Amino acid sequence: MQFGEPDGAYKVLSEALIDVNSSSISRRCYILTGLATACIQRKELAEACKYACQALTLTLQAKSPALWQRINAIREQLELWKDNQDARDFVDQLRTIKR
């Protein structure tokens, strides 16, 4: 994604998600947040929010500051799409959790 290749990143991350050990919460969360970012760049907001919600669930389990940073980065990216219902729903869900 850093090289402007969200399609390539999406493909690699999708394959990684299939192969990741389900007990590795942190690794799975990193992949999910990467997928969410790739989807945002591809303007596939419903799919991005689906991955972001999955990552948020794992982040709540892990209680990792690094994972929270990734969730907040996705929130910031989605705020550009505040007219989209899926993006608004995710941002609202995150605000509710942080209260």
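Me: A crossing is left-handed if the near helix is turned anticlockwise from the far one by less than a right angle, and right-handed if clockwise, so which crossing do we get where H1 passes H2?

Reply: H1 passes H2 in a left-handed crossing, where helices (H or I, at least four residues) and strands (E, at least two) are DSSP runs numbered from the N terminus. Please keep in mind that this is a predicted model, in which local features need pLDDT of at least 70 and side-chain atom pairs count only at pLDDT 80 or more, while totals for chains, interfaces and linings use all residues. Residues are numbered from 1 along each chain as its sequence is written, and side-chain values use heavy atoms, with hydrogens and water left out.

Me: And how do the axes of H1 and H2 lie?

Reply: They come within 9 Å and cross at roughly 150°, with axes being lines fitted to C-alpha atoms, for helices over the stretch in contact, and angles running from 0 to 180 degrees between N-to-C directions. H1 and H2 are therefore roughly antiparallel (under 35 degrees is roughly parallel, over 145 roughly antiparallel, 65 to 115 roughly perpendicular, the rest oblique).

Me: Which residues of H1 and H2 make the contact?

Reply: Among them are Tyr10 and Leu13 of H1 and Ile31 and Leu35 of H2, where contact means heavy atoms within 4.5 Å. The contact residues divide into 10 nonpolar, three polar and one charged (Ala, Val, Leu, Ile, Met, Phe, Trp, Tyr, Cys and Pro count as nonpolar, Asp, Glu, Lys and Arg as charged, and the others, Gly among them, as polar).

Me: What about H4 and H5, at what angle do they pack?

Reply: Helix H4 (residues 65-78) and helix H5 (residues 85-98) pack at about 140°, with their axes 10 Å apart, and they are therefore oblique to each other. Their crossing is left-handed, and the residues in contact include Trp68 and Ile71 of H4 and Phe90 and Leu94 of H5.

Me: Switching to H3, which helices do its buried residues pack against?

Reply: The buried residues of H3 pack against H1, H2, H4 and H5, and Tyr51, Leu56 and Thr59 are among those buried (under 20% relative accessible area, with exposed over 50% and partly exposed in between, using a 1.4 Å probe and protein chains only).

Me: How buried is threonine 59, and what does it touch?

Reply: Threonine 59 has a relative accessible area of 0%, and, not counting residues up to four places away in sequence, it touches Cys29, Ser64, Leu67, Trp68 and Ile71.

Me: And what follows H3?

Reply: H3 is followed by lysine 63, whose phi is positive, near 55°.

Definitions and conventions
Left-handed = near helix turned anticlockwise from the far one by under 90°.
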